[in-house]
Amino acid sequence: MMSPKSLVVAGLGFGAALGIALGTLVIAPNMDSAPGPGGESTDEVREKYSELVMDNNIAEAQLDSADSVMAELGRFVVDGTLVQRPVMVLSMPDADDADVKAVKDLLGSADSTDAGSIKLTDKFLAQDSADKLLSLVTSTLPAGAKLDKKKVDAGTHSGQALAAGLLMDAKTTQPLASVEDRATLLRALRDAGYIDYKDGTILPAQAVVVVGGGLVPGDDENSAAKKYAIDTTVKFLEGFGSVDTAMVYAGRVQSAGDDGVLDKLRAAKTGISTVDSIDHPVSQMATVLAVKEQLDGGKGVYGSAANAEGAAPALPKDL
């Protein structure tokens with residue numbers, strides 16, 4: 001019988017190998033003798049398409065099986081890795097609720113202290129509300145906090161302000177902001193419609209997990225808004241990360257593609273750890289392990305995308 005560690009390693013490889021998206025074929029018109037795009041007959045094109053569909057269905061079924069195994073093993077792997085570590089979860093507007101819940105559940109399995117959850121709204125990333133956001137975080141900035149004088153934009157400054165209000169000092173573990181200053185900042189942002197959270201749930205955090213979605217640039221009528229949202233998200237993350245903290249950003253694999261949030265963040269080579277494919281258990285487990293790695297002074301780039309360095313951080317030695 002395989003050990004739990006062997007099963008986990010096998011699951012990592014299995015999930016990564018199957019997490020490859022298949023391309024699509026353009027089918028020629030329904031004419032018996034019409035040549036296909038590469039000179040093949042229509043029948044040959046149909047046959048190749050049918051084979052691809054079958055292969056894709058098999059891969060999806062196998063991936064579902066691997067995911068079901070990893071969902072169980074993930075809780076075992078992260079058990080006790082974040083004892084007495086206050087971890088906060090921030091979710092971007094495009095984050096899927098199921099992804100956020102899965103990460104929070106695993107953080108609970110890791111025995112972390114729940115430092116609360118904050119949801120950023122669409123307004124937070126909207127260009128027409130950027131000036132008000134910039135003014136708001138400047139006027140409610142916690143005492144002693146500093147904003148970048150060279151990068152004066154809503155994304156950077158809101159990231160720096162929220163980090164100052166939500167985090168502990170990395171060395172002393174003392175809160176960076178007073179209870180009153182933190183409440184003033186958060187309530188002002190919530191009242192203005194930029195964030196949402198439940199009263200009495202927010203505590204100073206030693207580490208932060210930011211969960212995003214798969215937002216990528218497009219050529220539709222909303223392309224400018226999407227590009228602004230992506231750029232602002234990256235600036236927000238960089239601004240938040242500029243205040244010394246353990247930070248992990250996790251999104252869907254699409255955002256690791258050209259000019260997506262993960263693609264831009266990875267190219268910037270910040271101190272933030274990144275995880276793609278957050279809708280799969282192996283990456284949810286990787287996210288929690290990446291928090292532990294950050295708290296220990298490390299960082300990494302994880303997931304199944306081509307620009308990831310591996311599926312997950314090193315597994316705990318005591319498995």
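Which helix does E44 lie in? E44 belongs to helix α2, residues 42-78.

1. Basis. This is a predicted model, in which local features need pLDDT of at least 70, side-chain atom pairs count only at pLDDT 80 or more, and totals for chains, interfaces and linings use all residues. Residues are numbered from 1 along each chain as its sequence is written, and side-chain values use heavy atoms, with hydrogens and water left out. Helices (H or I, at least four residues) and strands (E, at least two) are DSSP runs, numbered from the N terminus.

2. Surface charge. A patch of negative charge on the surface is made up of E44, E47, E51 and D55. Such patches take residues with over 30% relative accessible area and no salt bridge, and join like charges within 9 Å. Asp and Glu count as negative, with the charge placed at CG of Asp or CD of Glu. The relative accessible area of E44 is 41%, so E44 is partly exposed. Here buried means under 20% relative accessible area, exposed over 50%, and partly exposed in between (1.4 Å probe, protein chains only); the areas come from the Shrake-Rupley method.

3. The sheet. An open sheet of 7 strands runs in the order β3-β2-β1-β4-β5-β6-β7, with mixed pairing. β3 (195-196) and β7 (301-302) are the edge strands, each with a single partner, so one side of each has no neighbour in the sheet. Two strands count as paired if DSSP finds at least two bridges between them.

4. Parallel pairs. Strand β1 (residues 86-91) runs parallel to β2 (residues 113-120), and 5 bridges join them; V87 has D114 in β2 as its bridge partner. β1 is also parallel to β4, again through 5 bridges, and S91 is partnered there by V211.

5. Strand β4. How many of the residues of β4 (residues 207-211) are buried? The count is 5 of 5. A207, V209 and V211 point one way, V208 and V210 the other, and all are buried. In a regular strand, side chains alternate between the two faces of the sheet.

6. With a salt bridge taken as a side-chain nitrogen of Lys or Arg within 4 Å of a carboxyl oxygen of Asp or Glu, the count is 11. K101 and D105 form one, with the closest N and O atoms 2.8 Å apart. Both residues are in helix α3 (residues 97-109), 4 residues apart, about one turn of the helix. K101 is exposed at 52%, while D105 is partly exposed at 44%. In helix α7 (residues 223-241), D231 and K227 are likewise 4 residues apart and meet in a salt bridge of 2.9 Å, N to O. D231 is buried at 19%; K227 is partly exposed at 48%.

7. A link between elements. D276 and R266 meet in a salt bridge of 3.1 Å, N to O. D276 is in the loop between β6 (273-275) and α9 (281-295) and R266 is in helix α8, so the pair ties together parts 10 residues apart in sequence. D276 is buried at 0%, and R266 is buried at 10%. Separately, a network of salt bridges links D96, D99, R252 and D279.

8. Helix α8. L265 lies in α8 (residues 261-268) and is buried, with a relative accessible area of 1%. L265 and E238 are 27 residues apart in sequence and 8.2 Å apart in space, C-alpha to C-alpha.

How values were computed:
Patch = residues over 30% accessible without salt bridge, like charges linked within 9 Å, V, L, I, M, F, W, Y side chains within 5 Å. Areas by Shrake-Rupley, 256 points an atom, 1.4 Å probe, with all protein chains shown as cover.
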